[in-house]
Amino acid sequence: MNRVSSNMPVNDMQYNLRQQEIKRANVMNQLGTNSRMTSLRDDPFAAAHAVRYDSYLARLNRFEANTQKAIHHYNNVHDHLYSTNDILQRLRDLALNGANGTNSPDDLKIMALEVNQLISELVSISNAFSPETKQIFAGDKVHTEPFRVVEGRVDGGDETMITRVEYRGSGATRRIEIGDNMFLDMDLGGGEAFWAEKMQIFSSVDATDYRVQEPGAFFIDGVEINVAVGDTLPAIVAKINDSGAPVRAYIDIDTRGLVLEGTTAHLIRAEDKVGGASILRDLGIIHGNMVNNAPNWATTARVSGGTIFDMAIRLRDGLLRGDHDFIGSQGIAGIDLAINNVTYRLADISGRASRAEIAWTRINSQIPNVTRMLNREIGLDVATAATELKQAEFAHQSILATAAKLLPPSLLNFLR
């Protein structure tokens, strides 16, 4: 038997009013957040999907921003390399003109002055800044001037000229993510872009009986190569060649020492790993690790392979000497090597830019799809929600009006 008291209608009415207010508040929260879920327990299955979609969408937006950054960077690098190529083509024209034997010494001197100005412009390009005020060709040392100029007197010249240009930047190690486990190399270091000849480093240390005494590692162009106790020079040569570094290693048949040769025209960077065996120092390749990116080749090692600046300086000095034979042979050949490398680097940068543009197109087609999938799980039908809010408000007012008529009088009714 149910017990009935005079408080039951009041309690029931209050309960129903609270339930209606909760429903109305939920609809208002949905409209305010533009989401049909105000908490995960509203629809746990849809919430699980929504969390994954939202996370993936955030990554896509990050990848889209990265591809845009990469494209702008590559376009900037391409423009500077294209200007470099134009200067090299002009240097080649001057070399061809100076080698024909019909020019007087004064004419050649005038050509040398133009070459000297073009060298200065090459230096300006190599030390150029990006719109973000970072050095373009300094590798990951973006706040370090990559090329340092040394000036002095030159035979035949009437003024101080550039006699040497030293690279002080680092290797191109920065990478940018354009997809899940998909990366692009961002930088093109000056040690790659402004080189002309394939470098060779010949050690004069006879390593016939060399054995690694303790485990360690060393770096060739940023690639870590590990060695074990007892490794011989042939084993080390094999590890270098299998490492993927753009360097070919072999043993000099005369000195029985290690030889490193670049597979492309670039500055070879070699360092021993800190805290381990001094492999490259023992083999006579380096005298110590780089300090402020200065060259660290062993004084007994023979190093060859010049930069674009070296080729241009040789041509200028040949013109100042009036040496037609040198200009027509080594002068033109050096500029051709420089042009070949810049052309190769232009193709490399264009390929990276094309890949970044393809990734950008793909990502921008994925973002709307994932957004639709996310909205399918948590999206709100505004028209339906607005209708539900009106219904909740009408029901709330109806309950209040009904309660005013049905509930028993209180003391307040008699005080009026």
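Three strands form an open sheet, in the order 7-6-10, with antiparallel pairing. Strand 7 (223–227) and strand 10 (270–272) are its edges; each has a single partner strand, so one side of each lacks a neighbour in the sheet. From one strand to the next, the twist averages 25°. The model is predicted. Its chain has 10 helices and 11 strands.

**The chain as a whole**
- The chain holds 416 residues, and buried residues make up 43% of them.
- Take the contacts in the chain with a separation of 6 or more: residues 24 or more positions apart account for 66% of these.

- Strand 6 (residues 216–220) runs antiparallel to strand 7, and five bridges join the two.
- Gly216 has Val227 of strand 7 as its bridge partner.
- Helix 5 (residues 233–241) packs on this sheet and touches strand 6 and strand 7.
- The direction of helix 5 makes about 150° with that of strand 7.
- In a regular strand, side chains alternate between the two faces of the sheet.

**The 8-9-5-11 sheet**
- Four strands form another open sheet, in the order 8-9-5-11, and the pairing is antiparallel.
- Strand 8 and strand 11 (302–304) are the edge strands, and each pairs on one side only.
- The twist here averages 15° from one strand to the next.
- Three bridges pair strand 5 with strand 9 in the antiparallel sense.
- Gln200 stands opposite Glu261, which is in strand 9.
- Helix 5 packs on this sheet too, touching strand 8 and strand 9.
- The direction of helix 5 makes about 165° with that of strand 8.

**Helix 5 and its buried face**
- Which residues of helix 5 are buried? They are Leu233, Ile236, Val237 and Ile240.
- Look down the axis of helix 5: its buried residues fall within an arc of 100°, so they line one face of the helix.
- These buried residues pack against strand 6, strand 7, strand 8 (247–251) and strand 9 (258–262).
- They also pack against helix 6 (279–282).

**A hairpin**
- Strand 3 (residues 175–179) and strand 4 (residues 182–185) run antiparallel, joined by four bridges.
- Ile176 has Leu184 of strand 4 as its bridge partner.
- The hairpin of strand 3 and strand 4 has two residues between the strands.
- In this hairpin, Asn181 takes a positive phi near 60°.

**Aromatic rings**
- The whole structure contains five aromatic pairs.
- In one of them, the ring centres of Phe137 and Phe194 are 5.0 Å apart and the planes stand at 90°, so the pair is edge-to-face. The cut-off for that label is over 60 degrees.
- Phe137 lies in the loop between helix 3 (105–126) and strand 1 (147–152), and Phe194 lies in the loop between helix 4 (190–193) and strand 5 (200–202), so the pair ties together parts that are 57 residues apart in sequence.
- Ring pairs link Phe137, Phe147, Tyr167, Phe194 and Phe309 into a cluster.

**Charges over rings**
- Arg302 places its charged end over the ring of Phe202, 4.1 Å from the ring's centre.
- Arg321 has its charged end over the ring of Phe326, 5.0 Å from the centre.

Terms used
Residues numbered from 1 in each chain as written. Predicted model: local features only at pLDDT ≥ 70, side-chain atom pairs only at ≥ 80, totals over all residues. Heavy atoms only, no water. Phe/Tyr/Trp six-rings, centres within 6.5 Å; stacked < 30°, edge-to-face > 60°. Lys NZ or Arg CZ within 6 Å of the ring centre and 35° of its normal. Pairing = 2+ DSSP bridges. Axes fitted to C-alpha atoms, helices over the stretch in contact; angles between N-to-C directions. Contact = heavy atoms within 4.5 Å. Buried < 20%, exposed > 50% of the residue type's maximum accessible area, 1.4 Å probe, protein only. Arc of directions from axis to C-beta.
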